[in-house]
Amino acid sequence: IMGKTLWNTTANFEDIKKDLYISTFGEDAAKKMLEYFSLLSDAFDIGSLRSQKPFDKEVLRSKLNKAIDCMNEIGEYINEQKNTDDIVRKEAWELLELHRRLYTTFGKSILARMDHNWEEAEKMHGISAQTAWENEDKLQPVLDCFMYELVTRTRIQLEGKAGFSGV
(Lines give C-alpha, C1' and ligand atoms only; values in the text may rest on other atoms or scores of the structure.)
Protein backbone atom coordinates (compact mmCIF):
# COMPACT_ATOMS: atom_id res chain seq x y z
CA ILE A 1 0.00 0.00 0.00
CA MET A 2 2.81 2.39 0.88
CA GLY A 3 4.44 1.76 -2.49
CA LYS A 4 1.25 2.70 -4.33
CA THR A 5 0.91 5.96 -2.44
CA LEU A 6 4.57 6.84 -3.01
CA TRP A 7 4.24 6.96 -6.79
CA ASN A 8 0.60 8.08 -6.89
CA THR A 9 0.01 10.98 -4.53
CA THR A 10 -3.68 11.11 -5.45
CA ALA A 11 -4.26 7.48 -4.47
CA ASN A 12 -6.97 7.06 -1.88
CA PHE A 13 -5.75 4.91 1.03
CA GLU A 14 -9.27 3.68 1.85
CA ASP A 15 -9.84 2.54 -1.76
CA ILE A 16 -6.49 0.74 -1.82
CA LYS A 17 -7.29 -0.94 1.49
CA LYS A 18 -10.73 -2.02 0.24
CA ASP A 19 -9.19 -3.49 -2.93
CA LEU A 20 -6.62 -5.33 -0.81
CA TYR A 21 -9.30 -6.84 1.43
CA ILE A 22 -11.44 -7.87 -1.54
CA SER A 23 -8.43 -9.57 -3.14
CA THR A 24 -7.32 -11.17 0.11
CA PHE A 25 -10.57 -12.21 1.77
CA GLY A 26 -13.17 -12.00 -1.01
CA GLU A 27 -15.92 -9.57 -1.92
CA ASP A 28 -18.34 -10.90 0.69
CA ALA A 29 -15.88 -10.52 3.57
CA ALA A 30 -14.20 -7.23 2.62
CA LYS A 31 -16.59 -4.91 4.48
CA LYS A 32 -16.43 -7.03 7.63
CA MET A 33 -12.62 -7.05 7.47
CA LEU A 34 -12.47 -3.27 6.95
CA GLU A 35 -14.59 -2.78 10.08
CA TYR A 36 -12.61 -5.38 12.02
CA PHE A 37 -9.19 -3.89 11.26
CA SER A 38 -10.46 -0.37 11.83
CA LEU A 39 -11.61 -1.36 15.32
CA LEU A 40 -8.27 -3.05 16.08
CA SER A 41 -6.28 -0.13 14.73
CA ASP A 42 -8.19 2.25 16.99
CA ALA A 43 -7.79 0.01 20.07
CA PHE A 44 -4.11 -0.78 19.56
CA ASP A 45 -3.15 2.82 18.82
CA ILE A 46 0.64 2.79 18.98
CA GLY A 47 0.88 6.44 20.02
CA SER A 48 -1.23 5.74 23.09
CA LEU A 49 0.45 2.44 23.92
CA ARG A 50 3.87 4.07 23.80
CA SER A 51 2.66 7.15 25.74
CA GLN A 52 3.68 9.29 22.77
CA LYS A 53 0.40 11.14 22.93
CA PRO A 54 -2.06 11.83 25.73
CA PHE A 55 -4.73 9.22 26.30
CA ASP A 56 -7.57 8.59 28.67
CA LYS A 57 -6.90 5.32 30.49
CA GLU A 58 -10.58 4.38 30.71
CA VAL A 59 -11.19 5.13 27.03
CA LEU A 60 -8.18 2.97 26.11
CA ARG A 61 -9.42 0.22 28.43
CA SER A 62 -12.86 0.36 26.82
CA LYS A 63 -11.40 0.20 23.30
CA LEU A 64 -9.16 -2.75 24.19
CA ASN A 65 -12.07 -4.63 25.80
CA LYS A 66 -14.21 -3.97 22.73
CA ALA A 67 -11.41 -5.19 20.45
CA ILE A 68 -10.91 -8.35 22.51
CA ASP A 69 -14.65 -9.06 22.43
CA CYS A 70 -14.66 -8.51 18.66
CA MET A 71 -11.66 -10.81 18.18
CA ASN A 72 -13.38 -13.50 20.25
CA GLU A 73 -16.61 -13.12 18.27
CA ILE A 74 -14.96 -13.17 14.84
CA GLY A 75 -13.08 -16.41 15.53
CA GLU A 76 -15.96 -18.61 14.38
CA TYR A 77 -16.37 -16.56 11.19
CA ILE A 78 -12.67 -16.87 10.41
CA ASN A 79 -12.76 -20.63 10.92
CA GLU A 80 -15.77 -20.93 8.61
CA GLN A 81 -13.95 -18.94 5.92
CA LYS A 82 -10.88 -21.21 6.11
CA ASN A 83 -13.01 -23.97 4.54
CA THR A 84 -12.36 -22.87 0.97
CA ASP A 85 -10.79 -24.50 -2.06
CA ASP A 86 -8.98 -21.25 -2.87
CA ILE A 87 -5.54 -21.94 -1.35
CA VAL A 88 -4.50 -18.28 -1.35
CA ARG A 89 -7.62 -17.20 0.55
CA LYS A 90 -7.33 -20.21 2.84
CA GLU A 91 -3.80 -19.10 3.75
CA ALA A 92 -5.01 -15.53 4.34
CA TRP A 93 -7.74 -16.75 6.71
CA GLU A 94 -5.28 -19.01 8.54
CA LEU A 95 -2.90 -16.07 9.03
CA LEU A 96 -5.79 -13.91 10.20
CA GLU A 97 -6.67 -16.55 12.79
CA LEU A 98 -3.11 -16.48 14.10
CA HIS A 99 -3.23 -12.66 14.16
CA ARG A 100 -6.48 -12.86 16.13
CA ARG A 101 -4.95 -15.23 18.68
CA LEU A 102 -1.78 -13.14 19.05
CA TYR A 103 -3.61 -9.87 19.53
CA THR A 104 -6.30 -11.25 21.82
CA THR A 105 -3.69 -12.37 24.34
CA PHE A 106 -1.57 -9.28 23.74
CA GLY A 107 -4.60 -7.09 24.42
CA LYS A 108 -5.29 -8.99 27.62
CA SER A 109 -1.68 -8.46 28.67
CA ILE A 110 -2.01 -4.71 28.15
CA LEU A 111 -5.22 -4.61 30.20
CA ALA A 112 -3.57 -6.55 33.02
CA ARG A 113 -0.66 -4.16 32.91
CA MET A 114 -3.01 -1.20 33.12
CA ASP A 115 -4.35 -2.79 36.32
CA HIS A 116 -0.79 -3.25 37.63
CA ASN A 117 -1.38 -7.00 37.60
CA TRP A 118 2.17 -7.73 36.48
CA GLU A 119 1.92 -11.50 36.88
CA GLU A 120 -1.14 -11.75 34.63
CA ALA A 121 0.38 -9.26 32.17
CA GLU A 122 3.52 -11.35 31.90
CA LYS A 123 1.50 -14.57 31.57
CA MET A 124 -0.66 -13.18 28.73
CA HIS A 125 2.35 -11.67 26.97
CA GLY A 126 4.11 -15.02 27.28
CA ILE A 127 1.14 -16.83 25.71
CA SER A 128 1.12 -14.34 22.84
CA ALA A 129 4.86 -14.71 22.24
CA GLN A 130 4.66 -18.51 22.55
CA THR A 131 1.84 -18.61 19.99
CA ALA A 132 4.04 -16.63 17.61
CA TRP A 133 7.05 -18.92 18.13
CA GLU A 134 4.96 -22.10 17.78
CA ASN A 135 3.76 -20.82 14.40
CA GLU A 136 7.00 -19.21 13.27
CA ASP A 137 7.24 -21.11 9.97
CA LYS A 138 3.74 -20.02 8.95
CA LEU A 139 4.16 -16.46 10.25
CA GLN A 140 7.69 -15.86 8.94
CA PRO A 141 6.62 -14.33 5.60
CA VAL A 142 4.53 -11.68 7.40
CA LEU A 143 5.90 -11.42 10.95
CA ASP A 144 9.34 -11.60 12.52
CA CYS A 145 8.61 -13.49 15.76
CA PHE A 146 11.75 -12.23 17.47
CA MET A 147 10.85 -8.60 16.75
CA TYR A 148 7.21 -9.21 17.73
CA GLU A 149 8.23 -10.52 21.13
CA LEU A 150 10.86 -7.82 21.63
CA VAL A 151 8.70 -4.88 20.56
CA THR A 152 5.60 -6.03 22.44
CA ARG A 153 7.71 -6.57 25.55
CA THR A 154 9.78 -3.38 25.53
CA ARG A 155 7.94 -0.65 23.69
CA ILE A 156 4.68 -0.48 25.59
CA GLN A 157 5.07 2.61 27.76
CA LEU A 158 1.81 3.03 29.65
CA GLU A 159 2.20 5.63 32.36
CA GLY A 160 5.88 5.96 31.52
CA LYS A 161 6.77 2.37 32.46
CA ALA A 162 8.27 0.26 29.71
CA GLY A 163 7.90 -3.47 29.34
CA PHE A 164 5.88 -6.03 31.22
CA SER A 165 7.94 -6.59 34.35
CA GLY A 166 6.48 -3.65 36.23
CA VAL A 167 9.90 -2.03 36.33
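Predicted model: local features only at pLDDT ≥ 70, side-chain atom pairs only at ≥ 80, totals over all residues.
Contact here means that heavy atoms come within 4.5 Å of each other. Residues are numbered from 1 along each chain as its sequence is written, and side-chain values use heavy atoms, with hydrogens and water left out.

**The core**

- The largest nonpolar core has 36 residues; such a core is a set of buried Ala, Val, Leu, Ile, Met, Phe, Trp, Tyr and Cys residues joined through side-chain atoms within 4.5 Å.
- Phe 25, Met 33, Tyr 36, Phe 44, Leu 64 and Trp 93 have the most contacts inside this core.
- Helix 2, helix 3, helix 5, helix 6 and helix 9 (145–154) each give two or more residues to this core; helices are DSSP runs (H or I, at least four residues), numbered from the N terminus.
- Helix 6 supplies the largest share of this core, 10 residues.
- Leu 64 touches Ala 43, Phe 44, Ile 110, Leu 111 and Met 114, if you skip residues up to four places away in sequence.

**Helix 3 with helix 5**

- The axes of helix 3 (residues 27–43) and helix 5 (residues 57–81) come within 8 Å and cross at roughly 150°; axes are lines fitted to C-alpha atoms, for helices over the stretch in contact, and angles run from 0 to 180 degrees between N-to-C directions.
- Helix 3 and helix 5 are therefore roughly antiparallel, a label for angles over 145 degrees.
- On the helix 3 side, the residues making this contact include Met 33, Tyr 36 and Leu 40, and on the helix 5 side they include Leu 64, Met 71 and Tyr 77.
- By class, this contact has 13 nonpolar, no polar and 5 charged residues; Ala, Val, Leu, Ile, Met, Phe, Trp, Tyr, Cys and Pro count as nonpolar, Asp, Glu, Lys and Arg as charged, and the others, Gly among them, as polar.

**Helix 3 with helix 6**

- The axes of helix 3 and helix 6 come within 14 Å and cross at roughly 25°.
- That makes helix 3 and helix 6 roughly parallel, the label for angles under 35 degrees.
- Ala 29, Met 33, Tyr 36, Phe 37 and Leu 40 of helix 3 meet Trp 93, Leu 96, His 99 and Arg 100 of helix 6.
- Sorted by class, this contact has 7 nonpolar, 1 polar and 1 charged residues.

**Helix 2 with helix 6**

- Helix 2 and helix 6 have axes that come within 8 Å and cross at roughly 110°.
- Helix 2 is thus roughly perpendicular to helix 6, the label for 65 to 115 degrees.
- Ile 22, Ser 23, Thr 24 and Phe 25 of helix 2 meet Arg 89, Ala 92, Trp 93 and Leu 96 of helix 6.
- This contact has 5 nonpolar, 2 polar and 1 charged residues.

**Two residues to look up**

- Thr 104 sits in helix 6 (residues 87–114) and is buried, with a relative accessible area of 5%; buried means under 20%, exposed over 50%, and partly exposed in between (1.4 Å probe, protein chains only).
- Thr 104 touches Ile 68, Met 71 and Asn 72, leaving aside residues up to four places away in sequence.
- Ser 23 lies in helix 2 (residues 13–25) and is exposed, with a relative accessible area of 53%.
- Ser 23 and Val 88 are 65 residues apart along the chain, and their C-alpha atoms are separated by 9.7 Å.
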